Amino acid sequence: LVDSPVGLAAWIYEKMWSWTDNAGAPEDALSSDAVLDNIMLYWLTASGASAARMYWESFAAIGNADLTVNLPAGISTFPREITKAPRKWAERILKNIVYWNDTDRGGHFAAWEQPAIFVDEVRSCFAVMR
């Protein structure tokens, strides 16, 4: 991911294709310029590998039965998210879910591809926490 701009572009483009709510191409969810801007940010900073590491490291925490969060939490699910946690699973870790909503559109990059829906979800969640 840091030694070939074509390799990085292909890797990121595949993620945009499989992780966005699209009709067959990433450009259905994001503009070509937005995708290229994203690829360039990873290429110019040589951060493709380190950014992917977060996903690898987070898998170890998923099965940790001792991990619990007692703070108020809000969950918005998006239909094309790469892994959608059922509420029952989320409640094993998040002990105080105060907001849960299933949205109509969006994927893993919801704030990027559906910013209006994302903002509405954040507002709705924090309105409950006032």
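**Entry 1: the largest pocket**

How many residues in the lining of the largest pocket are nonpolar, polar and charged? I counted by class and got 17 nonpolar, six polar and two charged residues. For my own reference, Ala, Val, Leu, Ile, Met, Phe, Trp, Tyr, Cys and Pro count as nonpolar, Asp, Glu, Lys and Arg as charged, and the others, Gly among them, as polar.

A note on what I am looking at: this is a predicted model, where local features need pLDDT of at least 70, side-chain atom pairs count only at pLDDT 80 or more, and totals for chains, interfaces and linings use all residues. Residues are numbered from 1 along each chain as its sequence is written, and side-chain values use heavy atoms, with hydrogens and water left out.

I then looked up the space in this pocket and found about 900 Å³. A pocket here is an open set of points on a 1 Å grid over the protein atoms alone, where a 1.4 Å probe fits, with protein on both sides within 12 Å along at least five of seven lines; lining residues have an atom within 4 Å of a point. The volume is the space filled by probe spheres set on the points, which are joined across faces, edges and corners.

The lining has 25 residues, and Glu81, Thr83, Lys84, Ala85 and Trp89 lie nearest the centre. Two or more residues each come from α3 (48–62), β1 (73–77) and α4 (87–93). I see that α3 gives the most, with six residues.

**Entry 2: the second largest pocket**

I found about 180 Å³ of space in this one. Its lining includes Trp11, Trp19, Tyr42, Tyr55 and Phe109. By class I noted nine nonpolar, two polar and one charged. At least two lining residues come from each of α1 (5–19), α2 (32–45) and α3, and α1 gives the most, with five.

**Entry 3: the whole chain**

I listed six helices and two strands, in the order α-α-α-β-α-β-α-α from the N terminus. These are DSSP runs numbered from the N terminus: helices are H or I with at least four residues, strands E with at least two. The C-alpha trace spans about 45 × 30 × 25 Å along its principal axes. Of the 130 residues, 28% count as buried (buried is under 20% relative accessible area, exposed over 50%, partly exposed in between, with a 1.4 Å probe and protein chains only).

**Entry 4: helix α2**

I checked the length of α2: its 14 residues should span 20 Å at 1.5 Å a residue, and its end C-alpha atoms are 20 Å apart, which agrees. The expected span is 1.5 Å times one less than the number of residues.

Which residues of α2 are buried? I found Ala34, Val35, Asn38 and Ile39. They cover an arc of only 135 degrees around the axis, so they sit on the same side of α2; the arc is that of the directions from the helix axis to the C-beta atoms. These buried residues pack against α1 and α5 (110–113), with contact meaning heavy atoms within 4.5 Å. On the face turned away I found the exposed residues Asp33, Leu44 and Thr45.

Met40 also lies in α2, and at 39% relative accessibility Met40 counts as partly exposed.

**Entry 5: Ala46**

Where is Ala46 found? I located it in the loop between α2 and α3. Ala46 has a positive phi of about 50 degrees although it is not a glycine. I noted this because most residues other than glycine have a negative phi. Ala46 is partly exposed, with a relative accessible area of 47%.
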